[in-house]
Amino acid sequence: MKIIATYNLKGGVGKTSTAVNMAYLAAKDGYRTLLWDLDPQGAASFCFRVKPKLKGGVQALRSKRRSLDNVVKATDFTGLDLIPADFSFRNFDQVFSDTKKPSKQLLKLLFPISREYDLLFIDCAPSISLASENIFYAADALLIPLIPTPFSVRTFNQLLVYFNKAPARHLKLLPFFSMYDKRRLLHRQIMVSLPKEFKGMLNTPIPYSKSVELMGIERAPVGTFAPNSNPAHAYIKLWQEVQAKLLASSGSKGR
Amino acid sequence: MPEEQLIFSVPENLTLQDLKTWLLEKRLVEEQEPVEFERVFFDTFDWRLLNSGNVLEISTQKPGYLLTWRELGGGKILAQSSIRQIPHFASDFVAPGLRLRLSELLGRRALIPKVTVNSSTRELRLINSDNKTLMRIELRQDHAVVPQSSKSFKLPDAIYLFPLRGFDNIFEKTVSLISRKGRLQPIGEDPLVSALGCLGIDAASYTNAPIFHFDPKQPAYEALCDVLNRYRRIMEENLAGACEDKDPEFLHDFLHAVRRTQCLLFHYSHVFPSKTINLIRQDFDWLEKITAAVRSLDIYLGLFDEFVTRVDADHRVALEPLRHFLEAEKLKEHQTMRVPLESPRYRRTMNSWEKILTEKTRPDGMPEDAGKSILEIASRGIYSIYMELIEKGRGITGTDNLDALLELQIIEKRLGYEMETFRNLYPKQQIEPALAALRQLQDNLNTIQNLHLQHGSLLEYSKKMQRQERTMPVWMEAIELLAADREREERKMQEEFRTRYNRLARKKMQKKFRALFSL
């Protein structure tokens, strides 16, 4: 099972939209796909109309009263399942901090379902914490949406500094531009300059669009209600890029 | 993804409205628009999926398709995916997990469309207040389509219950509710199995041999035309696959149909006008000639892994050049074979053959036997071949008369073809023991013939290799060792001939054959 996490320290940059749309497209392409809504806000769960509730919360996972394969819910889309969010995920750090190897607990939790799925997308909360460390340890790639603004670039650089100090060799960083507005000169400038500084940027940007905002009303991936929109096409291209970088020559290996 | 689906028979008078009414007592229900779609069941030529309790169906779901891989009988769903294109092989699947799991079952065999079903469905979704689907219920009306015709067979109507993972409680309660209210019974037979039965397809047979049902009183000419038409359709179904050479079993099935046609035309020539029959027999001899070489090479390549185990460890690697040689020969021969198969001559042959077989009125100059019952003609034919086999086998000991054995094998093969074709004319409890006894001898004679051919071919190939390319002595040595092994095995089988023959020729068995076939 390959694990792809949508991650950024900054909130409101398009992590959930990315996770939801990528997971939908992966399932459409025949991958057995799971989306884990690890953000206590539960926006991904909301998009798929699944109640953000885990019986017993994160504590139940920790104490093994519940295992992840008991909490998975099918979405309305063929091949796509969801682990819903729960407000108790905000306590992830507290709950797991006293375990042995605390940064490896997420991977342990995933073990019972790792053979059932080809792909796991994780929609992460905007933080840097023990939960994030667990994600960095478990994931094969971080999909990092960046709004092309100076503050966003600054936050991205902070993340790079973090990884320089605590390298995770297996982890591919896949930043891409999100919510860009081609009318804004600043956006255009940053979209030219940043790829020169960081060579690993994905080529496909996702435009700012009303269609993406409508996901919160339609409660569905953008490809279902606006299949001919710019963001729908952009997400398809982004998914193809991610596929090529991570999945092209593999069996379902992952970690 | 849904884990289990359940399939129930639809009781008489049960309507979708009934289901909706019961469900509305407890849940919100949304009725979907009725949908009609085509469902195609795929499997390998040798029914690997079905024989291992699996069903793979692909239904149209614009713009792509929906693949469902499930357990036979409506059990666990093993995979359900949207796919953009219909795959030919497990390796064609994009999703790696599906690719790997199917590869374990399918190996390198091609996925072939086996049965097409036209489905009309009406669907209900149980939903919650967020409009989230909790389970799906489908009422399906299916028709199994007869290949290359506009005919279809109606299958039993069925109710499909699809759970959604994580909503098991609702699923169990709903199943309990509608089973109780509707007095539902699980469907007796998987819809695929029902469809196969309607179409006369024997899934247990690796060669996909068609099963024929006859009215014993049917005139022999018409009955034989039906049989030959079926073989003609098998040839047409496998032609493209044989030309593309993605899976050798296409050519196998094609040639098998050719040979069965040749056999029937030879033995029942007295039922057809001689002018018609002579022309057609020439055409089929031509077809056999242009395809046989490629088929032989396919067989040897298929056996190669076994060949390697028949020589000592020191010579195993030395056999690899032979494999490369056979692959190159196969490529050459296949290119040669393709030309006549894709030629106007082939098309004219098949078109005129189809015309002959499907014409309702009998042509002029029909022999007397054409109008006799198929039971009489088939019985006479089978009995005469059986007696010929017994007579000719009488003097053969097995170990000293190889030519006679090979000649006997040809007779035995004809007898087998005919008994298989016409088996349903006879009571099962009587014909099965006769077939079982024949098969024992068949195994022996077919193996002798195969080993004999392999021995000769291997020596021929080795000579050809030496003429065409630089070879090393150790390679030639390895091939000779293999050829010698084939010869030794052939002699062993020859020693078993007498015992097998005696079982078929003993007085008790002759009495059975006489009672069954001698009218």
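Predicted model: local features only at pLDDT ≥ 70, side-chain atom pairs only at ≥ 80, totals over all residues.

Modeller: Residues are numbered from 1 along each chain as its sequence is written, with chains lettered from A and ligands numbered from 1 in the order in which they are written.

Colleague: Which residues have the most contacts inside the largest nonpolar core?

Modeller: They are Ala5(A), Ala23(A), Ile122(A), Ile135(A) and Ala139(A), in a core of 109 residues. Helix 1 (residues 15–28) of chain A gives the most to this core, namely 8 residues. Apart from that core lies another, of 62 residues, including Tyr268(B), Ile280(B), Leu297(B) and Leu438(B). A nonpolar core here is a set of buried Ala, Val, Leu, Ile, Met, Phe, Trp, Tyr and Cys residues joined through C-beta atoms within 7 Å. A residue is buried if 20 or more other C-beta atoms, placed from the backbone, lie within 10 Å of its own, exposed if 12 or fewer, and partly exposed in between. Helices (H or I, at least four residues) and strands (E, at least two) are DSSP runs, numbered from the N terminus.

Colleague: On to the sheet in chain A. What is the strand order?

Modeller: The open sheet has 8 strands in the order 3-4-2-5-1-6-7-8, with mixed pairing; strands pair if DSSP finds at least two bridges between them. At the edges are strand 3 and strand 8 (206–207) of chain A, each pairing on one side only.

Colleague: How does strand 4 of chain A pair with strand 2 and with strand 3?

Modeller: With strand 2 (residues 33–37) of chain A the sense is parallel, over 4 bridges, and Trp36(A) has Ile83(A) as its bridge partner. With strand 3 (residues 73–74) of chain A the sense is antiparallel, over 2 bridges, and Lys73(A) is partnered by Leu82(A). The hairpin of strands 3 and 4 of chain A has 5 residues between the strands, and there Gly79(A) takes a positive phi near 80°.

Colleague: And which way do the residues of strand 4 of chain A point?

Modeller: Leu80(A) and Leu82(A) point one way from this strand (residues 80–83), Asp81(A) and Ile83(A) point the other way, and all are buried. In a regular strand, side chains alternate between the two faces of the sheet.

Colleague: What joins strand 7 of chain A to strand 8 of chain A?

Modeller: There are 2 bridges, and the two strands run parallel. Tyr180(A) stands opposite Pro207(A) in strand 8 of chain A. Strand 7 (residues 172–180) of chain A also holds Met179(A), which has a positive phi of about 55° although it is not a glycine.

Colleague: Is Met179(A) buried or exposed?

Modeller: Met179(A) counts as buried because it has 23 C-beta neighbours inside 10 Å. Arg219(A) also has a positive phi, near 55°. Arg219(A) sits in the loop between helix 11 (215–218) and helix 12 (222–225) of chain A and is partly exposed, with 18 other C-beta atoms within 10 Å.

Colleague: Which residues of helix 13 of chain A are buried?

Modeller: Pro231(A), Ala232(A), Ala234(A), Tyr235(A), Leu238(A), Trp239(A) and Val242(A) are.

Colleague: Now chain B. How many helices and strands are there?

Modeller: Chain B has 16 helices and 10 strands, and 35% of its 519 residues are buried. Helix 7 of chain B is mostly covered, with 16 of its 20 residues buried.
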